[in-house]
Amino acid sequence: MKIIVPMAGRGSRLRPHTLTVPKPLIPIAGKPIVHRLVEDIAGVINQKIDEIAFIIHKDFGTKVPEDLIAIAEKLGAKGSIYYQNEPLGTAHAILCAKESMEGPIVVAYADTLFRADFTLDTSADSVIWVKQVEDPSAFGVVQLNDNNQIVDFVEKPTSFVSDLAIIGIYYFKSGETLRGELEYLLDNNIQKGGEYQLTDGLENMKQKGMKFVPGKVDEWMDCGNKEVTVETNSRMLHFLHEEDSTNLVNDSARIENSTIIPPCFIGEDVVLINSIVGPNVSLGKATHLTNVKIKNSLVQTHAHISNANLDNAMIGNHATFNGDFKSISIGDYSVLE
């Protein structure tokens, strides 16, 4: 089994956090989004992952590919890096990894997380992972027949046809078949809105009689902007706390006259002095807090925070914040509210 992960751009809606770190590498409960994503996929498909192919942009630099390959290797898989340097659509992005599209594959977009408890139907030509939503008009949805097979894909329906939203994770029994359909789109310049779309390839496969079935997830968590990313961090902390709360506070953390209200992730070499942390807080490696109350927040690595009362905050790497500030230095896209 192989996993194909289109990662698109850095994530403009999460600036300034994505100016130095691409969105899929933002940590959620102490682990990068894309790392959690491929871990959860591996758990659902219950098969050995041979390769994880990441499609990135050239402006990600040299360290990002190294980090992504390390993530693949931690899961016992080969890591491969491909580049999409023009925003030509989902089909074009996936096809950038055509050399890895062999045998069974999963395609997963790297800005979403999920929780699921279903068995992957490997007899189907494709499984499209979906979540029941209250407002289908904001999503692409699938329509099912009486045999629980997908018979139609509808983008942002104006009248009700289904409440099963496509979350951006797909299984294909044959990577070669998908590759052929996507190559057909590019070879014949079949576009919508100036882009080559995966859904056009899926529609061609369906018209040829291939069997599509849904894989329904229990939770679907977005990481598109600051608000939903902080919320996703909180929800993930609750899931992890229920599964095994013992691994969320690193043994190397130094805690002086401070209280941790679970669920919280406390990373390696974190220092807490005269502080109250939680609930729903992630503190990355070597973060220092002094005289701080913080809840419902996500702090990355090596941050220094003092004299602050924070809620719904997202603070980046190597940031310094003193609530008693008299002088400030704030860069592009920074927000104080």
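## Parallel strands around S20

In which sense do strand S17 (residues 271-273) and strand S20 (residues 288-295) pair, and over how many bridges? In this predicted model, S17 and S20 pair in the parallel sense, and three bridges connect them.

Strands of a sheet pair through backbone hydrogen bonds, either parallel or antiparallel.

## An open sheet of four strands

A separate description applies to strands S16, S19, S21 and S23, which form an open sheet in the order S16-S19-S21-S23, with parallel pairing. Strand S16 (264-266) and strand S23 (314-315) are the edge strands, each having a single partner strand, so one side of each is left without a neighbour in the sheet.

Inside this order, strand S19 (residues 281-283) and strand S21 (residues 297-299) run parallel and are joined by three bridges. A pair of residues that can be located in the structure is Leu283 and Val299, the latter being the bridge partner of Leu283 in S21. In a regular strand the side chains alternate between the two faces of the sheet.

## Two helix pairs

Two packed helices are described by the angle between their axes and the distance between the axes. For helix H1 (residues 33-45) and helix H2 (residues 63-74), the axes come within 10 Å and cross at roughly 30°. Angles under 35 degrees count as roughly parallel, and H1 and H2 are therefore roughly parallel to each other. The crossing in which H1 passes H2 is right-handed. On the H1 side, Val34, His35 and Val38 take part in the contact, and they meet Leu68, Ile71 and Lys74 of H2. Sorted by class, this contact of H1 with H2 has four nonpolar residues, one polar residue and one charged residue.

The second pair consists of helix H4 (residues 175-187) and helix H5 (residues 198-207), which pack at an angle of about 115° with their axes 9 Å apart. H4 likewise passes H5 in a right-handed crossing. From H4, the contact is made by Thr177, Leu178, Glu181, Leu182, Tyr184 and Leu185, while H5 contributes Leu198, Asp200, Gly201, Asn204 and Met205. By class, the contact of H4 with H5 has six nonpolar, three polar and two charged residues.

## Aromatic pairs

How many aromatic pairs does a search of the whole structure find? The search finds five, and one of them is formed by Phe114 and Trp129 in an edge-to-face arrangement, with 5.2 Å centre to centre and 75° between the planes. Phe114 lies in strand S7 (residues 112-115) and Trp129 lies in strand S8 (residues 126-132), so the pair ties together parts that are 15 residues apart in sequence.

Most residues other than glycine have a negative phi, and most peptide bonds are trans.

Asn189 is not a glycine, yet it has a positive phi of about 50°.

Terms used
Residues numbered from 1 in each chain as written. Predicted model: local features only at pLDDT ≥ 70, side-chain atom pairs only at ≥ 80, totals over all residues. Heavy atoms only, no water. Axes fitted to C-alpha atoms, helices over the stretch in contact; angles between N-to-C directions. Helix = DSSP H or I, 4+ residues; strand = E, 2+ residues; numbered from the N terminus. Parallel < 35°, antiparallel > 145°, perpendicular 65-115°, else oblique. Left-handed = near helix turned anticlockwise from the far one by under 90°. Contact = heavy atoms within 4.5 Å. Nonpolar A, V, L, I, M, F, W, Y, C, P; charged D, E, K, R; others polar. Pairing = 2+ DSSP bridges. Phe/Tyr/Trp six-rings, centres within 6.5 Å; stacked < 30°, edge-to-face > 60°.
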